[in-house]
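Open the model in your viewer and keep the selection tool handy.

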Amino acid sequence: MSQENNEMSCCVVSCEKPLDQNYWDQQYQANTTGWDLGQVSPPIKSYIDQINDKSIRILIPGAGNAYEAEYLLQQGFTSITVIDIAPTVVQKLQHHFSGQAHIHIIQGDFFEHEEKYDLIIEQTFFCALPPSMRQRYVWKMHSLLNDGGRITGVLFNRSFESGPPFGGSQTEYEQLFQAAFEFKTIACCINSVKPRHESELFVNLMKNSSVHVRLYKLSGFTCMECVDTNIKLIEAIQGVQHVSVNTAMNDILIVSEKELPIDALKNVLSYDSKYSIDNLYTTNKA
Ligand SMILES: C[S@@+](CC[C@H](N)C(=O)[O-])C[C@H]1O[C@@H](n2cnc3c(N)ncnc32)[C@H](O)[C@@H]1O
């Protein structure tokens with residue numbers, strides 16, 4: 001598909017495939033980029049228009065053709081980074097923005113990127129990820145933001161039969177980002193492009209810098225009931241503010257007031273030898 005149809009539809013390549021570099025690059029090579037608006041997303045444009053400080057550090061993950069970056073440049077912003085996993089679109093961006101000192105273009109995986117930003121713009125990146133990566137997204141976003149930093153942009157407020165895109169709802173997002181971020185705004189967009197009319201939420205989430213947000217690897221869980229029981233046990237640890245487990249039951253996101261020793265978490269699960277939790281993802285207190 002070349003431009004967006006009435007619905008933002010699933011990509012042509014089988015969605016059973018892993019949504020990796022190959023998958024996304026094939027979409028750009030085959031021009032099956034139905035998500036591409038061909039313009040800066042209007043709700044994001046309105047948000048950009050009211051930012052006074054043009055020197056803030058801005059990241060656009062999964063930027064695609066990066067219309068938002070182009071608009072930021074036009075408005076005089078001086079520190080824009082875009083990252084995308086697909087080499088084909090990144091080469092295009094490098095050519096398009098060549099000689100522009102205020103934009104930094106990276107080909108790579110957002111989840112491996114290490115930097116600090118004041119603003120991260122969300123535009124059909126979250127919905128492109130498998131839902132099992134949502135806890136990882138929250139953790140990574142938190143770690144990439146400076147104190148007072150924000151994720152701002154649009155999230156779908158609808159479901160899709162198959163994905164990508166993968167949909168969601170306000171309730172789901174409120175649960176997911178709970179405690180790690182403060183909801184400055186979450187509201188239906190009034191100026192979405194026509195095909196997305198009444199199906200997008202505008203979000204402005206400020207990093208909660210007073211908490212530690214950590215992602216751990218879980219194993220041994222095969223049913224959501226068991227997960228829920230163990231979430232309650234971890235939530236009972238002093239200082240824990242929020243716990244959430246991904247749909248694949250192998251990532252656990254823990255938001256806490258203080259750093260939790262891994263042994264405290266291991267102890268909680270030690271009543272059943274089939275369960276384990278490992279400290280695979282750690283960051284400095286961000
Ligand atoms: C649905 S497209 C959206 C592109 C752009 N934001 C837009 O609205 O036109 C999702 C983009 O995320 C990129 N992507 C997917 N997984 C990624 C990852 N782990 N790291 C960086 N980019 C990724 C894809 O290559 C693709 O360009």
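Which residues of helix α4 (residues 87-96) are buried? Select Val 89, Val 90 and Leu 93; buried means that 20 or more other C-beta atoms, placed from the backbone, lie within 10 Å of a residue's own. These three cover an arc of only 100° around the axis, which puts them on the same side of α4; the arc is taken from the directions from the helix axis to the C-beta atoms.

Before moving on, note that this is a predicted model, where local features need pLDDT of at least 70 and side-chain atom pairs count only at pLDDT 80 or more, while totals for chains, interfaces and linings use all residues. Residues are numbered from 1 along each chain as its sequence is written. Helices (H or I, at least four residues) and strands (E, at least two) are DSSP runs, numbered from the N terminus.

Now turn to the other side of α4, where Gln 94 and His 95 are exposed (12 or fewer such C-beta atoms). Then show α1 (21-29), β2 (80-84) and β3 (103-107): the buried residues of α4 pack against them, with contact meaning C-beta atoms within 7 Å.

Next, select Phe 110, in the loop between β3 and β4 (117-123). Phe 110 is buried, with 22 other C-beta atoms within 10 Å. Leaving out residues up to four places away in sequence, Phe 110 touches Pro 61, Gly 62, Ile 83 and Lys 140.

Finally, display the ligand: 20 residues surround it, and the closest include Phe 110 and Trp 24 (C-beta atom within 6 Å).

Methods
Contact = placed C-beta atoms within 7 Å.
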